Amino acid sequence: MTIRIALLLALGTAGGTQESKGQSFDERIEAELKKAGVRPAPLCDDADFLRRVSLDLAGVIPTPEEVVAFLDDRNSQKRSKKIDQLLAGAEFADHWARIWMVFLIGTPLGDADLGRAWFLEYLRDSLARNQRYDRVVREILAAEGNLDENKAAVYLYRWQDAADQTSAAVRHFLGVQLRCAQCHDHPFDSWTQRDFWATAAFFARATRGYSEEEIVMEPTYGFEIGRLSLTEAEEGEVDLPESRHAMKLPPRFLGEKTDTNPKHRRKALADWMTSPKNPWFAKATVNRIWGILLGRGFVHPVDDFGTSKTPVYPEALNRLAEEFVRSGFDLRALIRRVLNSRTYQRASRPADSKHPFAAAERRRMSRHQYFTSVARAGDFDFTFPVEIEERDPAMGPATEMKDFKEDYLYQIQRANSPVEKTLLRMNGSLVIDAIVSGKRLPKTLETCDTNEKRIEWLFLASLSRRPTVGERDVFLDYLDGKEEYPAYEDILWTLLNSTEFGVNR
Amino acid sequence: MTCDCSRRDLLKVGSGGLLAMLFSGKLGSVFGQEQAARAKACIFLFMYGGPSHIDTWDPKPKSPCGGTFRPIRTKAGYEICEHMPEIAKVSTKISIIRSMTSKEVDHGRGAYYLRTGYRPQESVEHPPLGSIFAKELARDDADVPPFVTISPGFDTGLGAGLLGEVWSPFILDTPGEVPSTLACPDILSEERQSDRLRLLEEYEKRFGEQRMEGEAALARSLHQKAARYRKGPLRRALDLSREEDSVREAYGKNDGGYTPFGQSCLTARRLVESGVKFVEITHQGWDTHENNFDLTRDLCRETDAGFAALVRDLDRRGVLDSTLIVWAGEFGRTPNINAQGGRDHHGDVFSIALAGGGIRGGLVVGASDPDGSQVQHRAVTFPEVMATAAALAGLNPEKEYSTPEERPIKLVDDARPIRELIS
């Protein structure tokens, strides 16, 4: 118990020492690195910055025209201008809605997954309007109504009972892992089984409904189903399992000492969770966003704020969390703040787990990033389907793309082995189509008059940078004595199959 | 677990022998913890949709819910549905569990439970048995993928769970065909394909490995593996035209030609022979909410030909004893026949079948009640089936894996092998 109180104090009143007051999170991280004798990497160059920020915000590499314009731009504020431009784009809401959906709903699990496309629409709309994040979470947790009408209700509907809803909501919104305490006191955190079930009591009245009387079109799978609903019952309690006498547990907020008896339990929980005073909400959200953008969180894994775990650079995390609260839980402002930092904009090095954030960590593209980037590199018209998972860093299509219009849910969602992904990168039909049917190659050959310029343009279109002289010469040599068009197809194929292409560098 | 060596054996081997056993890795069996591996590979016949137990392995001719099929007596003595005559002939090699029970009656959740031995939980991704076999039994430098899934047509979203994607299945869509990614694309000549690969290799070696240190090395090893898959025994194993027509036919043929399920079984045999450790085949269509009897009759015939031919073929080639075969769906179907002539999901009791890999054949484990509605005795769960498979493969069911949060997850969820099935 003492551990927990100490933690609440540490988390609750973020402060820090006298001298560190007023320092930005960048300065705090740099001060720590200096103490450890680690020299941080310099800032990345403009080409790396543009590619990174495009993949992170829009989920796709920039066009070659965009790269050239950015490299030639002499404005000293061009990085922050680019960040603002991308944050305002439609691709941002779409890409982040997918990231957020997978974080909240996870992998498909059969019938319980109905309504994924509704939820994606809800998230996309919230992100496009920059709905404040505390409000989003309140809408999700207190949701009532038919799923086709109140799309935020899909989240709780997915979980079959109060126990699953509890461990999901606490993990997703507070970054706390309570699951182990469902069956026994937590083995290495201080959570008790009572803590778990007193939280579950807030979900005791959530009721999943299904009505065959009314038929609606389910957009994820495209078939008609009975209407799904989530309502709040008048009554309903949870029992502490394995207690001698069935013991009804009243709800109690995690970490507090007294029970509560609100009228609408889920609303009360949502208000408590999203309050500026909640010890975890702001930090857990900051940590997750940071993890998405930097490759790892201050707390890692990002949803494991255990009572026995200390974040790296705790003061930097506190600082960002304070700012997030002050902004009124403005997600876009938080993302903008991180992207404009020196820490985000450092040159990349292979990951160094001892001194995280001394350099940028290279990350593999997700499926969404990879597919859309292949299409953009080849200037091939392609729309990424709504249901496909973001979770798995893919580096390659899940399957033959030709089939995926007929049956893409089954065809593409599944995970494959890395060798299979390699094979699909080599010979999968999206890659083939992007090269053979995309407009990139014919346009490049038509508009650029020398082989040097053509090769440079293909580098800009695929790797978002200009080639070095050595790189260019390898391809010039390859062209020598070959039929021109097929040789250029081979060059674009090689660039798409290079390690660098599948990496957010 | 039974112990390989009697106490007398132990005395006989003496201390020198004991030392030798220690070094040969057999100490576990001396203390009765583990048994020497019997199953070197597993073929998992996944009957997706949930087969009716009453209309397959557990006939109830006297029950009002018994349906329209008649039972036939098998060579082993137990009765099965009349539409599985070939299985009846090899029944002495096959054992049935008629007392399976599961609380998961949603397809996705049930499939997860069957494939991993764990009920789905928020926050943990358990590995399927195939990934466990792959990780524990395969060599990294193998020329074939350790875990292959044929014609899945479904997705649980699960690759290898917490074991990591390297142990995910290699997926084949169409049995009997070499997938286009292993072959050279139509639009390319072999020569151009080689040119491309050489160009990529040169580019990566000269530039990629400096720019992308670490990632490029991984990519290189994946390319080398991909090349081995494209040129090596995998591609040969997948090419069923190398088999006699009579063999292909034995695995099942109907008006539409060779059945996909049968050709998947034949492919599985060839894959196991080429070194694959786990092959999962999905036989779809068992979700017979309507028109149960027409559909199940056809499904039984497909399963009958494929499963029986697989048992026979492996036996003839002397590898049945080292190849475990599991035939199972995610749940059974109701005794009650609904207004559409269908049967609905039923988890309280259902049947699965096992053969080979050290399984004692011809047995029936457990029983359902006279209506096929509840377990009558010896309830068995999926984790016990997992524990049995693990034990036969020489794996310790208590072995712990770790989640990203360093939470330990046992290979098998608190279950013991089904002793009477282990020969």
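Guide: In this predicted model, helix 10 (residues 162-174) and helix 11 (residues 193-200) of chain A pack at about 100°, their axes 9 Å apart.

Visitor: Why are helix 10 and helix 11 of chain A called roughly perpendicular?

Guide: The angle is about 100°. Roughly perpendicular covers 65 to 115 degrees. Helix 10 and helix 11 of chain A therefore qualify.

Visitor: Which residues of helix 10 and helix 11 of chain A make the contact?

Guide: Helix 10 brings A162(A), A163(A), T166(A), S167(A) and V170(A). Helix 11 brings F196(A), W197(A), T199(A) and A200(A). By class, that contact has six nonpolar, three polar and no charged residues.

Visitor: What makes helix 5 of chain A roughly antiparallel to helix 15 of chain A?

Guide: The axes of helix 5 (residues 78-87) and helix 15 (residues 331-339) of chain A come within 10 Å and cross at roughly 150°. Over 145 degrees counts as roughly antiparallel, so this pair falls in that class. The crossing of helix 5 and helix 15 of chain A is right-handed.

Visitor: Where do helix 5 and helix 15 of chain A meet?

Guide: I83(A), D84(A) and L87(A) of helix 5 meet R332(A), I335(A), R336(A) and L339(A) of helix 15. Four of the residues in this contact are nonpolar, none polar and three charged.

Visitor: How do you know that N130(A) counts as buried?

Guide: The relative accessibility of N130(A) is 15%. Buried means under 20%, so N130(A) counts as buried.

Visitor: What does the side chain of N130(A) make a polar contact with?

Guide: The partner is the side chain of D330(A), at 2.9 Å. The cut-off is 3.5 Å. N130(A) sits in the loop between helix 7 (116-128) and helix 8 (133-141) of chain A. Beyond its neighbours within four places in sequence, N130(A) contacts D330(A), L331(A) and R332(A).

Key:
Residues numbered from 1 in each chain as written. Chains lettered and ligands numbered in written order. Predicted model: local features only at pLDDT ≥ 70, side-chain atom pairs only at ≥ 80, totals over all residues. Heavy atoms only, no water. Helix = DSSP H or I, 4+ residues; strand = E, 2+ residues; numbered from the N terminus. Buried < 20%, exposed > 50% of the residue type's maximum accessible area, 1.4 Å probe, protein only. Polar contact = N/O pair within 3.5 Å; in protein donor to acceptor, adjacent residues only side chain to side chain. Contact = heavy atoms within 4.5 Å. Axes fitted to C-alpha atoms, helices over the stretch in contact; angles between N-to-C directions. Parallel < 35°, antiparallel > 145°, perpendicular 65-115°, else oblique. Left-handed = near helix turned anticlockwise from the far one by under 90°. Nonpolar A, V, L, I, M, F, W, Y, C, P; charged D, E, K, R; others polar.
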